[in-house]
Amino acid sequence: MIEPMKSVTIVAQAKKRQEMLLALRHAGIIHISQLTRSCPESDGIAVKIHSLMSVMNAVADEAGKSARGVKQERLDGQALDSLVCDLEKAISDRKAAEDEHLRLSGEISRVEPWGDFDPESVKALAGDGYAFFFYTVDGSVLDAIREDGSVVFVTLRDVNRMKAIAVLGSRLPSRFAAREFTLPQASLSELRSRLAELERTIGEAGRALCDAAKYSDAFRLEVKRLEEASMFERVKATSRDEQGRIVFISGYLPEDRCDDFRSLAKENGWAYLMDDVSDDEDPPTQLKYKGLIRIIQPIYDILGTVPGYREYDISSWFLLFFSIFFAMIIGDAGYGLIFLLISVVMNVRAKKCSDANILLYVLSVTTIIYGAVTGTWFGSLAVLEKLPFLQLFIIPSICNYSMELYGIESVYAQNAVMQLCFILGATQLGLACVLNVISKFRVRDLSLLGDIGWLIDVCVLYMMALYLVIGASVNFTVVVIGVAIGFFLVVVFGSQEPGKSFGAGLKSGLGGFFTSFLDTVSCFSNIMSYIRLFAVGMASLAIAQSFNSMADMAGPVFGAVIVVLGTVLNIVMGLLSVIVHGVRLNLLEFSGQLGMEWTGYKYDPFRETVDKTESEQGVVK
């Protein structure tokens, strides 16, 4: 359920602002409203966080996997700041050294074929009137230069299989195709010496970063402290000061924490105003889960979706249908066993069963059940033939091997699965209509008749989907009359609402006549979209069977490799399909029929984020 919220404004003496904010942070129950995005103090802290994060990333990249076994040491205060500055300088010096190293490496590659010479001696000759210009040419050009006779030059040893010459006095005329060699800034030996120095600088910086891996926990803890301090400054900037006498701040708190807040206010001598949330306010959403339903939270966290404060909490329905969709999309009991094994390993390694772990257990079991009743075990008929007891769980009418095992044409089994998909679609969309009716009945909202109209449309359009896709017989008179009645109820009653006259609601409904027509078409397409469960499941089966066929032809060793690779690929593609299709059906089709927009934001109270144990032990939990 969505926890009811109270709006609260706290007033205290201006001189006790710091004390008030510290007490609020320690209590951790008030979600600050209209929180200032930034202030000079928080911006300064943000710069420190950015610097520290850059150092942390550099240390992690340099240390790599070896950092996992490093014993962590405590470091804080001035010592930590000094180390961060040193590491920042090391990172900067290494970057400059790497850039120069790259440039020098190219310069050495260019100069090396010409040999080790002192460019200053060549420049000195130019000062004495003997200017030399160096070129590489091919043999035919060199012959042409000799025949010309106007160029004074000296031949040198070959450079990169080209003829090298030194022209005296002036540059080689442009009529001769040649590549000029510009003198380096230093001799080849000096360039190599400088390159070695740069390599030492790069190596020293790398070692310093590796050595800093033992302070990784200290870095992470400092980031948390800085983030906590930044939030404090933002809240401080949000609190308003009235002429230096009083300070006040507003926010929201869950209804079940009101007594805690009253005790806190009494203890600190604050004045406050607490009231119900008004219609024009947009409070945060706190979902309160009951029992097993809490395992849906990891999915919400991954998706970043939060229902609006005045929207439905569909967590239980989301979990139910998501589990079914997951099972149908993955569609293979063998893959379900793999998920189950992963769940067990996670449970054993963590020594406790987290909500995400329980969710994986549920999804594994539903996948195994669906795969068992459709006779799908790693996409192989051979598994059913070698383990005949698995056939006891099969429902022949939806079996993927109905022809081979029961003599039932595959098209009939596929039609049965498609009908199951449409049943799920009509059920879920119809459930949304029923939930709307129940909700509006409680507040005597006449627009519930419009939702009854949508429920009628869902039922008859489901029949139409069966007719178009699997050729089921349909009474078109019932379909036409049902759509007409449903459309009439939607137009006449869909825009009614408490406090609005029937005439005004009717006028609004007639004004949206064309929109209602498009919504009816969309309702039909929503039912049709549930066929994606069948399509993706069949695609997964076809991929598994293809890999199994290739494995049979490849022999036992390479065949095993192909099966493993195919299984991994199929599972990954299946999980992506769950996100694309399984989540979509809940967040778009079902939620859209409910009228949900998922416009909420999470209840995030102003609280301490670094606990006492972390500070004492110097580690991040």
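**Cavities, pockets and aromatic pairs in a predicted model**

Three cavities of 30 Å³ or more are counted in this predicted model. On a 1 Å grid over the protein atoms alone, a cavity is a set of points where a 1.4 Å probe fits but cannot get out, while a pocket is an open set with protein on both sides within 12 Å along at least five of seven lines; lining residues have an atom within 4 Å of a point. Grid points are joined across faces, edges and corners, and a volume is the space filled by probe spheres set on the points.

The largest cavity has a volume of about 160 Å³. It is lined by 18 residues, and the closest to its centre are Gly-331, Tyr-370, Asn-400, Gly-537 and Met-538. H20 gives the most, with seven residues. Helices (H or I, at least four residues) and strands (E, at least two) are DSSP runs, numbered from the N terminus. By class, the lining of the largest cavity has 11 nonpolar residues, six polar and one charged. Here Ala, Val, Leu, Ile, Met, Phe, Trp, Tyr, Cys and Pro count as nonpolar, Asp, Glu, Lys and Arg as charged, and the others, Gly among them, as polar.

The volume of the largest pocket is about 890 Å³. Arg-310, Glu-311, Tyr-312, Leu-435 and Ser-439 are the closest to its centre among the 31 residues that line it. At least two lining residues come from each of helix H10 (315–330), helix H15 (410–442) and helix H21 (556–594), and H15 gives the most, with six. The lining of the largest pocket holds 13 nonpolar, eight polar and 10 charged residues.

The second largest pocket has a volume of about 460 Å³. Its lining has 24 residues, of which Trp-454, Val-490, Asp-519, Gly-592 and Gln-593 are the closest to the centre. H15, helix H16 (448–470), helix H18 (502–511), helix H19 (513–528) and H21 each supply at least two residues of this lining; the largest share, six residues, comes from H21. In this second largest pocket the lining divides into five nonpolar, 14 polar and five charged residues.

The whole structure contains 18 aromatic pairs. Rings of Phe, Tyr and Trp (its six-membered ring) pair if their centres lie within 6.5 Å; planes under 30 degrees apart count as stacked, over 60 as edge-to-face and the rest as tilted. Phe-325 and Tyr-530 form an edge-to-face pair, at 6.1 Å centre to centre with 65° between the planes. Because Phe-325 lies in helix H10 and Tyr-530 in the loop between H19 and H20, this pair ties together parts that are 205 residues apart in sequence. Phe-325 is buried, with a relative accessible area of 0%, and Tyr-530 is buried, also at 0%. Buried means under 20% relative accessible area, exposed over 50%, and partly exposed in between (1.4 Å probe, protein chains only). One aromatic cluster is formed by Tyr-300, Phe-318, Phe-322, Phe-326, Phe-339 and Trp-598.

Finally, confidence. The chain has a mean pLDDT (the predictor's confidence in each residue, from 0 to 100) of 89, and 98% of its residues reach 70 or more. Confidence is lowest in helix H22 (residues 612–617), at a mean of 64, and highest in strand S2 (residues 31–32), at 94. Where pLDDT is low, the predicted coordinates should not be read in detail.

In this predicted model, local features need pLDDT of at least 70 and side-chain atom pairs count only at pLDDT 80 or more, whereas totals for chains, interfaces and linings use all residues. Residues are numbered from 1 along each chain as its sequence is written, and side-chain values use heavy atoms, with hydrogens and water left out.
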